[in-house]
Amino acid sequence: MSNINAGNNKRIAKNTIFLYFRMAVVMIVKFYIARVLLEALGVQEYGVWNLLASFVISFQFISAPIVVSTQRFLNYDMGQGGNRLTSIFNLSFELILIVSILLTIVLETAGLWFVEHKMNFPPESANSVELLYQLTILSLVFQLVQKPFESIVIAHEKMSFYAYIAFFEVIVLLVITIMLKCDISDNKLLIWYGAMNLVLYVTEFLIYIIYCHRRFSCCKFRLCWDRKQAKEIAVFSGWNLFGGLSSMTANEGVNVLLNIFFNVVVNAAFGIATQIRGAINLLIGNLQKAFDPQIVKNYSLGNTARFHSLTLGIITFSYILALVVVFPLCWNIDFILTIWLGNDVPRFASIFSILTLLQMLFVTLGGPIDTAIFATGKIKSYQLWLSGEIFLNIVICYILFRLSYGPISAFIVKLLVGVMITFTRLLFLSRVGISFGIVVRKVLLPLLVVSLLSCGIAAAICSYISFSDSWIGLLGSTLIFELLLVITVWGVVLDNDKRQTVIRKVKTIFIR
């Protein structure tokens, strides 16, 4: 068993390296893309793009449950020998096709009516909005039908291909964005950008089909309708649908409310905060994605000790990894936004970003818990509780906006609701044999101590030194915080066995 675990650990380490290399390239390029896009389109047009794209993409909540279900059933079946992979893949692909058709009908009817009659767009953008909306719908459809192929790649832990596709996507997006600075009429910039995005997603879809068809025998298209398997996936997806709907309202739904009660400039600031949120999700998601297949497979094999160890370990280190970037970003947010976006930083972008970063500290704890709970297949009460709490975001925001509270209140609400959701998730870990007392002792208390000591001492030192908004201030505050974080993690989080393991690894590296 120890040899098997060692092999799995090496696979996780290898996949994590691939995913983090992917993350570094994608994050840097996407941040640059956001700056170029903001410069080329201007604040208002950027707000229009962010609003329309987020509105259409928000409807992925309908397909997301099928994707999560596919990933869970693929990983679980691989732990049992992998005899039903072809059936699971074909069923998920057929379900995604059905959902894509229904989703297109909804977007072309009720969605189009909402865009034309309820959203608040500048008059000069009116001619671009409808065509851009159509291009975005087509892009969404190709992204959806690609999802079963992504699930197959991740289930087989082929993270190198997953990383290469991400490199391809961001490099093409970078070229497309830079081309916006060419001699293109101002009133056609949004249309051109939307059309090129569509071409990219079609190309990416074709690459996935070719790769999966050649590499995985289960990716053979055939009409397959295993009623029992379809029912299992449908029931699992149905309960996940509640989570998808509530998450959509908490993000894109709040973005639409900001547009209705305020304007597209606020949507532009929301878009900037969303970019930062996406970067943190990418950072943590890469770590969690490398562990997720092993968590589900160990559960399916009945390897409880390994299952618990992986779950608690990834929860702890996801938070620490998020903390590595959250404090320096929050402390230097104005300087970072200026360096990133130039002089066109939208109003509210700084405070939106800080509140989003604080929320992400709690959100990062949720991914491994979701994976652990989903591995059991019993998610009804879990999704009902989480969905009800997440849905509070849009309800409370609507009430506050009607009472004339400003847009900042939306992000305060998202932060407070995020804290509540995290504790609900932690309580549900008892369903997989991890009591709340163990979570408090092994995870929450150590992380609380690490956060208070590292952030508190770093803030005091940086305030005393009076770091200004400059590269020296950014580098100085980052180095001070990271040093304190390493010290506190070493003293509080790691036990003696883990410290000795780290020492041996370091000696191995430097004694070669």
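Mentor: I399 counts as partly exposed in this predicted model, because its relative accessibility is 45%, and the partly exposed class lies between under 20% for buried and over 50% for exposed. I399 is found in helix α13. It belongs to a nonpolar surface patch of about 780 Å², together with F391, L392, V395, I396, Y398, L403, Y405 and M420. Helix α13, which covers residues 380-402, gives the largest share of that patch, six residues.

The aromatic pairs come next, and there are 13 of them in the structure. In one of them, the ring centres of F261 and F401 lie 5.5 Å apart with the planes at 50°, so the pair is tilted. This pair links distant parts of the chain, since F261 sits in helix α7 (residues 227-261) and F401 in helix α13, 140 residues apart. F401 counts as buried, at 4% relative accessibility, whereas F261 is partly exposed, with a relative accessible area of 27%. Another aromatic pair, F348 with F352, is stacked, at 5.6 Å centre to centre and 10° between the planes. F352 is buried, and its relative accessible area is 0%. Ring pairs also join F93, F142, F149 and F205 into a cluster.

The largest nonpolar core has 142 residues, and Y133 and L429 touch the most other members. Helix α1 (residues 2-57) supplies the largest share of this core, 15 residues. Leaving out residues up to four places away in sequence, Y133 touches L52, F55, V56, L107, G111, L112 and V115.

Notes. Residues are numbered from 1 along each chain as its sequence is written. This is a predicted model: local features need pLDDT of at least 70, side-chain atom pairs count only at pLDDT 80 or more; totals for chains, interfaces and linings use all residues. Side-chain values use heavy atoms; hydrogens and water are left out. Patches are made of residues with over 30% relative accessible area and no salt bridge: like charges are joined within 9 Å, nonpolar side chains (Val, Leu, Ile, Met, Phe, Trp, Tyr) within 5 Å. Accessible areas come from the Shrake-Rupley method with a 1.4 Å probe; for residues, only the protein chains shown count as cover. A salt bridge is a side-chain nitrogen of Lys or Arg within 4 Å of a carboxyl oxygen of Asp or Glu. Helices (H or I, at least four residues) and strands (E, at least two) are DSSP runs, numbered from the N terminus. Buried means under 20% relative accessible area, exposed over 50%, partly exposed in between (1.4 Å probe, protein chains only). A nonpolar core is a set of buried Ala, Val, Leu, Ile, Met, Phe, Trp, Tyr and Cys residues joined through side-chain atoms within 4.5 Å. Contact means heavy atoms within 4.5 Å. Rings of Phe, Tyr and Trp (its six-membered ring) pair if their centres lie within 6.5 Å; planes under 30 degrees apart count as stacked, over 60 as edge-to-face and the rest as tilted.
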